[in-house]
Amino acid sequence: FREQPIFSTRAHVFQIDPNTKKNWVPTSKHAVTVSYFYDSTRNVYRIISLDGSKAIINSTITPNMTFTKTSQKFGQWADSRANTVYGLGFSSEHHLSKFAEKFQEFKEAARIAKEKSHEKMELTSTPSQESAGGDIQSPLTPESINGTDDERAMPEVTQNSEPRAEPTQNALPFTHSSTISKHWEAELAALKGNNAKLTAALLESTANVKQWKQQLAAYQEEAERLHKRVTELECVSSQANEVPTHKKELNQTIQELEATLKKKEEEIEGLKQEIENARELQAQRDSLTQKLQEVEIRNKDLEGQLSDLEQRLEKSQNEQEAFRNNLKTLLEILDGKIFELTELRDNLAKLTECR
């Protein structure tokens, strides 16, 4: 939910041999997807690649990194955090050039984001150095810029999988009800997956809301302290010449804090809306689950009716077979009787002629 892929390509992945520091060691048996990811929360760009479920590249782009083209189809860069050098082999020079352009673009963006974060840290720490009431902790820490160890862990990246043909099955009676049941089962599986993602999003949103509430409380306390400081400075006549300057700086700081408070409140409102949408999706999932249960019950009833009809059909076929056998026997007996009557008639005719 936080990181989004912004550029992807395919390449063979290598790492420098940690023992010799000269030879390349392949980390993928074939070409894999290599993607740039952007974390909008922390303004961090990362290069990520998976081989199955194994993360073979997880490199955060920093302003001091350099991507070097060593041949027409091969490039490399060093990652001091991972203590290794990554190498990529592309299928064409065009793909290599495109990857290098994106690397330079995101490296520049990382540099600008780092400079802005340092400016915000200095701006936030300035009032605490000038005031005597206490220190203000900057909300931007090295962990929030570079990411903690848990946040630098590999996120889930969806791999494109080729469609696989399912084996066909013999057609059965009442296929329509089975098709409906399978359809609802697929819908339920998809909803379960969405429910898991929404649950994770809700947990993350709740944690962010708590953190922002703490920051809001800290900002409010700082604003009240600054207001009190302005009042004290206005009352001190011996520092009358310095009061306007301090007052202007403090008022500017207060305005910035109020703007930050307003922005955080808007973000909290957006998170509340997302939570409400998640609850609506949860209600829809419950409704579909109930419908699926009803379809399963109906399917069982139809299966019972089918079994009953099959039994009745088998019984009817047995009765018809017995009737056919009895009718055949009666026809044979009738043929014999007819033959006997014919002989009797001929004998009577002969007797009549003799007399």
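The legends below describe close-up views of one predicted model. Residues are numbered from 1 along each chain as its sequence is written. Because the model is predicted, local features need pLDDT of at least 70 and side-chain atom pairs count only at pLDDT 80 or more, while totals for chains, interfaces and linings use all residues, and side-chain values use heavy atoms, with hydrogens and water left out.

**View 1. Strand 1 and its antiparallel partners.**
Strand 1 (residues 3-16) runs antiparallel to strand 3 (residues 32-39), and 8 bridges join the two; here strands (E, at least two residues) and helices (H or I, at least four) are DSSP runs numbered from the N terminus, and two strands pair if DSSP finds at least two bridges between them. Within this pairing, Ser8 has Ser35 of strand 3 as its bridge partner. Strand 1 also pairs in the antiparallel sense with strand 8 (residues 84-89), over 4 bridges, and there Phe14 is partnered by Gly87. A further antiparallel pairing, over 3 bridges, links strand 1 to strand 2 (residues 24-26), where Val25 is the bridge partner of Gln15.

Ser59 belongs to strand 5 (residues 54-60) and is buried, with a relative accessible area of 0%; buried means under 20% relative accessible area, exposed over 50%, and partly exposed in between (1.4 Å probe, protein chains only). The side chain of Ser59 makes a polar contact with the side chain of Trp77 at 3.2 Å, a polar contact being a pair of N or O atoms within 3.5 Å in which, within protein, one must be able to donate a hydrogen and the other to accept it, and residues adjacent in sequence count only if both atoms are side-chain atoms. When neighbours within four places in sequence are left aside, the residues in contact with Ser59 (heavy atoms within 4.5 Å) are Tyr45, Arg46, Ile47, Met65, Trp77, Asp79 and Tyr86.

**View 3**
Lys102 forms a salt bridge with Glu105, with the closest N and O atoms 3.9 Å apart; the term denotes a side-chain nitrogen of Lys or Arg within 4 Å of a carboxyl oxygen of Asp or Glu. Because Lys102 and Glu105 are 3 residues apart in helix 1 (residues 93-130), about one helical turn separates them. Lys102 counts as buried at 18% relative accessibility, whereas Glu105, at 45%, counts as partly exposed. A search of the whole structure finds 8 salt bridges.

Glu321 and Arg324 form a salt bridge whose closest N and O atoms are 3.5 Å apart. These residues lie 3 residues apart in helix 4, and so are separated by about one helical turn. Glu321 is partly exposed at 41% relative accessibility, and Arg324 is also partly exposed, at 48%.

Arg345 forms a salt bridge with Asp346, the closest N and O atoms being 3.9 Å apart. Arg345 counts as exposed at 60% relative accessibility, while Asp346, at 36%, counts as partly exposed. Elsewhere, salt bridges that share partners join Glu108, Arg111 and Glu115 into one network.
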